Amino acid sequence: MRKIKELIIEKSLLSSALVTIAVTIGIILVLAIEAFLFFKEVSIFDFFTDTQWTPLFTEKHYGILPLLSGTLLTTFIAISVALPIGLSISIYLSEYAPRSFRKTIKPLLELLAAVPSVVYGFFALVVVTPYLQQFMPSLSGFNSLSAGIVMGIMIIPFVSSLSEDALFAVPKDLREASYGMGATRLQTAFKVVVPAASSGIIVSIILAISRAIGETMIVAIAAGQQPRLTLDPTVPVETITAYIVQVSLGDVQHGSLEYRTIFAAGITLFVFTFLLNTLSFRIRKKYREKYE
Amino acid sequence: MESLFILGTNGKKNYNNTMSEIMTEKTEDPKIETPIEEKYKLQTKDVNVFYGDFQAIKDVSMNIKPRSITAFIGPSGCGKSTFLRLFNRMNDYIEDFKMEGKIKIDDINIYKKKIQLEQLRKEVGMVFQKPNPFPKSIFENVAYGLKIQGIKDKKLIAQRVEKALVQADLWSEVKDNLNKSALTLSGGQQQRLCIARTLAVEPSIILMDEPTSALDPISTAKIEELIYHLKKDYTIIIVTHNMQQASRISDYTAFFYMGELIEFDKTKKIFTNPEKKRTENYITGRFG
Ligand SMILES: Nc1ncnc2c1ncn2[C@@H]1O[C@H](COP(=O)(O)OP(=O)(O)O)[C@@H](O)[C@H]1O
Ligand SMILES: [Mg+2]
């Protein structure tokens, strides 16, 4: 009786693992097939060189660059906010803060990432943009600046928490050696601890970038829906994710070329985040070996 | 040396050091004319150390002469490391650490508020139990202490790095690989690198906490020889578990037991004719 129970549990665990793998493969397959069908009609060359993205207009263009620039611009702004703040927090927590303070503040910070991103998007649109407009009258109602800043705040814990783990894992011996030669806390933090934890810090940044690239709600709400090849943070843009939302919610016909643009955009996004995740995985593996 | 430590007001922690401002700078009887070498380098008086409620050091007073090697021996957990780390204030980072009493180096109370920790540690170097080179190149490891002092002169740094590596008896082995990672060296080489790194800062006291306990006998012999030669320029205090090591290289030996200094005397005396029964039992291996 007991044996049968064990067997059932084992098999059901195995099957849920298999289902997960099957679903993932299925998603990638659909993505690849629809994208393949898309590229039978639109040349890959045009896709990467055309500077307009207007698949829903009569004058159709299928250049991914405007969506890509929107994604990279908002991501860049977000990282410019999250990196300095997140790193400062992690260095403070690991090198300066009393242990008890560290223990309470870390989970609190992680709450930042637990706030639904639609709340952040709304916040960017109705609070940050109007506030910034006081100083920058030319700022559009939808813009990549507010969206990027708010997204940066959201991903602070990605940077701070993982970096802090990496800094904290640096052996105490190294800090003592540095203090023992007359180094200050600041010198020890920046010349010994941060370099020793660099791979972990880089991983945290990559994951934060990956998260920012994939973020949808904030940019869909606050950055606009106007594909535009620009580096100007004050004007409306559209990111890959925002485009996918826009078209998915619209009434494009199943199987049409417009419908397939979702998959072409989606696979571009997928390739980016996949590469970033692979990179971080590699670095993490190497770094684990270093400490063993 | 006179005013080296007293450069700023960096004393953040408050020590229960009530006598500190009262005690005069001169501790020896002025009537006894002692030659300059005989002056004490390091003096402790009635030192107590607590970790929270636990008392790790009990009323220890001890005077150490310059250019000598002093060995701290005693069973594990008796407070050797704790006591050693008082001299460069390395225990300050432990949150519930508290110390009472007085510790003077060159007649300066190192626990008074005006002491700058950075200055103190340039004067009092430390070598740790496990070799702990930075994950940097061999050169950068030795240059580290100089660079953090703000020394920029590349030639001067290179000279001091070479000098320190020669002193630590490592130069001939690494001179062609100075840019290689320090982590590629063997354990014994790493420990000599750590000694070189400490020497480069040109301290006058070197604290060593079981520096050979993680090494093989050949590396250990090399480092013992090195320590022995360093004596002519430095005051060395070494914690060791190894009785032979203490008797081979040290001039003075201090035996600790449960936080108390049981006996402190010339090494020869401790090992041939100790005053206390406990000391004798320990060095003959009857407990410990
Ligand atoms: N950070 C600390 N917090 C609390 N107790 C400590 C700490 N460090 C050491 N101790 C205790 O103080 C005593 C002396 O420790 P230590 O100086 O490391 O001894 P030794 O070096 O002779 O082995 C031990 O009982 C140890 O458990
Ligand atoms: Mg010890």
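Thr129(A) is buried in this predicted model, because its relative accessible area is 2%, and the cut-off for buried is under 20%. The residue belongs to helix 5 of chain A, which covers residues 117–135. Leaving aside residues up to four places away in sequence, Thr129(A) touches Ala124(A), Leu139(A), Ser140(A), Gly141(A), Asn143(A) and Ser146(A).

The C-alpha atoms of chain A fill a box of roughly 70 × 70 × 35 Å along the principal axes. Chain A has 292 residues, and 46% of them count as buried. Its contacts can also be sorted by separation in sequence: of those between residues at least 6 apart, 71% join residues at least 24 apart.

Helix 7 of chain A, residues 172–180, is mostly covered, with 7 of its 9 residues buried. The buried residues are Leu174(A), Arg175(A), Glu176(A), Ala177(A), Ser178(A), Tyr179(A) and Gly180(A). Just after this helix comes Gly182(A), which takes a positive phi of about 95°.

Chain B contains strands. Four of them form an open sheet in the order 2-1-4-5, and the pairing is antiparallel. Strand 2 (54–64) and strand 5 (108–109) stand at the edges of this sheet in chain B; each has a single partner strand, so one side of each is left without a neighbour in the sheet.

Within the sheet, strand 1 of chain B (residues 42–51) pairs with strand 4 of chain B (residues 97–105) in the antiparallel sense, over 8 bridges. Two of the residue pairs can be picked out on the model. Thr44(B) has Ile103(B) of strand 4 as its bridge partner, and Lys45(B) has Lys102(B) of strand 4. Strand 4 of chain B is largely enclosed by the rest of the structure, because 7 of its 9 residues are buried.

Strand 4 of chain B also runs antiparallel to strand 5 of chain B, to which 2 bridges join it. Here Lys104(B) stands opposite Asn109(B) of strand 5. The two strands form a hairpin with 2 residues between them. Asp106(B) lies in the loop between strand 4 and strand 5 of chain B. Although Asp106(B) is not a glycine, its phi is positive, at about 50°. Asp106(B) counts as partly exposed because its relative accessible area is 24%, and that class runs between the 20% and 50% cut-offs.

Asp169(B) is found in the loop between helix 4 and helix 5 (171–174) of chain B. At 39% relative accessibility, Asp169(B) is partly exposed.

The helices of chain B also pack against each other. Helix 3 of chain B (residues 138–148) and helix 6 of chain B (residues 187–200) meet at an angle of about 30°, their axes 7 Å apart. This angle makes helix 3 of chain B roughly parallel to helix 6 of chain B, because angles under 35 degrees fall in that class. The crossing of the two helices is right-handed. On the side of helix 3 of chain B, the contact is made by Ile138(B), Asn141(B), Val142(B) and Leu146(B); helix 6 of chain B contributes Leu193(B), Ala196(B), Arg197(B) and Ala200(B). These contact residues divide into 6 nonpolar, 1 polar and 1 charged.

Gln149(B) is in the loop between helix 3 and helix 4 (154–167) of chain B. This residue is partly exposed, with a relative accessibility of 30%. Gln149(B) touches Lys122(B) and Val201(B), when residues up to four places away in sequence are not counted. Gln149(B) and Val201(B) are 52 residues apart along the chain, and their C-alpha atoms are separated by 9.1 Å.

Conventions: Residues numbered from 1 in each chain as written. Chains lettered and ligands numbered in written order. Predicted model: local features only at pLDDT ≥ 70, side-chain atom pairs only at ≥ 80, totals over all residues. Heavy atoms only, no water. Buried < 20%, exposed > 50% of the residue type's maximum accessible area, 1.4 Å probe, protein only. Helix = DSSP H or I, 4+ residues; strand = E, 2+ residues; numbered from the N terminus. Axes fitted to C-alpha atoms, helices over the stretch in contact; angles between N-to-C directions. Parallel < 35°, antiparallel > 145°, perpendicular 65-115°, else oblique. Left-handed = near helix turned anticlockwise from the far one by under 90°. Contact = heavy atoms within 4.5 Å. Nonpolar A, V, L, I, M, F, W, Y, C, P; charged D, E, K, R; others polar. Pairing = 2+ DSSP bridges.
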